[in-house]
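Please examine the sequence and the three-dimensional structure below. The paragraphs that follow lead through the confidence, the fold and one selected residue.

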Amino acid sequence: MLPIGQKQMLTWASLAGLMTVGVFIYFLVAPPAYLHRTQNGVPYFTPPVIDPVSGKPLNVNRLAAYYKGNIAAGVYAVEKTRAVKGGR
């Protein structure tokens, strides 16, 4: 027979383990809405898109922020070509 202290610790450890497994199952079955998309409405794990002019990859989340009006985010997402920068 286990002493009372070991029984209590076993109970608390079992309860914590069951709660952890329960939370993992909950997040896999019914994840909250904020885990589906970023603040700009872009789904998570979206691969970068290719800029047709330069051929470089563009971050879709920063690109969405740029077109929503956040110009500072677009500085890193949208690169200007030489024709636009220099004019010659």
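**Confidence, fold and a loop residue**

Confidence in the protein chain, expressed as pLDDT (the predictor's confidence in each residue, from 0 to 100), is highest in helix 1 (residues 4-29), at a mean of 96, and lowest in helix 4 (residues 82-86), at 48. The model is predicted, so local features need pLDDT of at least 70 and side-chain atom pairs count only at pLDDT 80 or more, whereas totals for chains, interfaces and linings use all residues. Residues are numbered from 1 along each chain as its sequence is written, and side-chain values use heavy atoms, with hydrogens and water left out. The mean pLDDT of the chain is 81, with 80% of its residues at 70 or more. Over residues 80-88 pLDDT stays under 50, and the model has three contacts (heavy atoms within 4.5 Å) beyond four places in sequence for them.

The chain has four helices and two strands, assigned as DSSP runs (helices H or I, at least four residues; strands E, at least two) and numbered from the N terminus. Their order from the N terminus is α-β-β-α-α-α. Of the 88 residues, 14% count as buried, that is, under 20% relative accessible area, with exposed over 50% and partly exposed in between (1.4 Å probe, protein chains only).

Thr46 lies in the loop between helix 1 and strand 1 (49-50). Thr46 counts as partly exposed because its relative accessibility is 35%. A polar atom of the Thr46 side chain lies 2.5 Å from the backbone oxygen of Pro43. Thr46 and Asn61, 15 residues apart in sequence, have a C-alpha to C-alpha distance of 8.5 Å.

How values were computed
A polar contact is a pair of N or O atoms within 3.5 Å; within protein, one must be able to donate a hydrogen and the other to accept it, and residues adjacent in sequence count only if both atoms are side-chain atoms.
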